[in-house]
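Open the model in your viewer and keep the sequence panel beside it. The stops below say what to select next and what is there.

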Amino acid sequence: MERPNFRGYMKILILDLLREPRHGYGIMAELENEYGIKLSAGTVYPILASLKKSGLIEVTEKGERDRKNYIVTSKGLDYLKEHSEEVEEAKRKLRAYKTFLELGGEELKVAFRELFRNIEELDEAQREEVKKTIEECARRIRLILLGE
């Protein structure tokens, strides 16, 4: 597997989740519940295919509605053991991401999407106000982090 980035984190977290048999939608639900990550089937199933092709997971059985249940193989367990620091790093970063969302990060993400979508229509006064707001927000966050 590649060095951890978002996709790398998802691959190693999914592999770790598969210590117990799960189907794709169960994996998506667990990631959303545990880390606030909402993944689509179009993201999860290619990761499962890649892990299966690498011999790190296998299909154990078909569950209800013919859903395939996956489980980590002994090769996958060895991989997890060898890369335990990466697993913990991925979990740590995604727990931090969930906390960010809980602190209003989702609202901030939506606001930035709206800003990007409408930035061309802003006049100079609005652009200056947005700039001041972003700078003030960044400054205040840094002060909080410094304990002031």
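Is Arg19 buried, partly exposed or exposed? Select Arg19: its relative accessible area is 45%, so it is partly exposed. Here buried means under 20% relative accessible area, exposed means over 50%, and partly exposed is in between (1.4 Å probe, protein chains only). The areas come from the Shrake-Rupley method with a 1.4 Å probe, and for residues only the protein chains shown count as cover.

Before moving on, two notes on the model. It is a predicted model, in which local features need pLDDT of at least 70 and side-chain atom pairs count only at pLDDT 80 or more, while totals for chains, interfaces and linings use all residues. Residues are numbered from 1 along each chain as its sequence is written, and side-chain values use heavy atoms, with hydrogens and water left out.

**The whole chain**

Zoom out and colour by secondary structure. The protein has six helices and two strands, in the order α-α-α-β-β-α-α-α along the sequence. The radius of gyration is 20 Å, well over the 15 Å that the globule rule gives for 148 residues, so the protein is more spread out than a compact globule. Helices (H or I, at least four residues) and strands (E, at least two) are DSSP runs, numbered from the N terminus. The radius of gyration is taken over C-alpha atoms, and the globule rule is 2.2 Å times the number of residues to the power 0.38. Along the principal axes, the C-alpha atoms fill a box of roughly 60 × 35 × 25 Å. Of the 148 residues, 29% are buried.

**The salt-bridge network**

Next, select Asp16, Arg19, Glu88 and Lys91 and show their side chains. These residues are linked in a network of salt bridges. A salt bridge is a side-chain nitrogen of Lys or Arg within 4 Å of a carboxyl oxygen of Asp or Glu. The whole structure has six salt bridges.

Start from Asp16, which is buried, with a relative accessible area of 13%. Asp16 meets Arg19 in a salt bridge of 2.7 Å, N to O. Asp16 also pairs with Lys91, where the closest N and O atoms are 3.0 Å apart. This second pair links distant parts of the chain: Lys91 is in helix α5 (residues 84-118) and Asp16 in helix α1 (residues 6-17), 75 residues apart.

Now centre on Lys91, which counts as buried at 18% relative accessibility. Lys91 forms a salt bridge with Glu88 too, the closest N and O atoms being 4.0 Å apart. Both Lys91 and Glu88 lie in helix α5, three residues apart, about one turn of the helix. Glu88 is partly exposed, with a relative accessible area of 38%.

**Further along α5**

Stay in helix α5 and select Ala96. Ala96 counts as partly exposed at 46% relative accessibility.

Then select Phe100, Leu108, Phe112, Phe116 and Ile134, which make a nonpolar surface patch of about 450 Å². Patches are made of residues with over 30% relative accessible area and no salt bridge, with like charges joined within 9 Å and nonpolar side chains (Val, Leu, Ile, Met, Phe, Trp, Tyr) within 5 Å. Helix α5 gives the most to this patch, with four residues. Phe116 is found in helix α5 and is exposed, with a relative accessible area of 60%.

**The negative patch**

Select Asp123, Glu124, Glu128, Glu129 and Glu135, which gather in a surface patch of negative charge. Lys and Arg count as positive and Asp and Glu as negative, with His and the chain ends not counted. The place of a charge is taken as NZ of Lys, CZ of Arg, CG of Asp or CD of Glu. Glu135 is in helix α6 (residues 124-145) and counts as partly exposed at 46% relative accessibility.

Which helix holds Val44? Val44 lies in helix α3 and is buried, with a relative accessible area of 0%. Val44 and Arg7 are 37 residues apart in sequence and 9.8 Å apart in space, C-alpha to C-alpha.

Finish at Leu56, in the loop between α3 (41-53) and β1 (57-62). Leu56 counts as buried at 6% relative accessibility. Select Asp78 with Leu56: the two are 22 residues apart in sequence and 9.0 Å apart in space, C-alpha to C-alpha.
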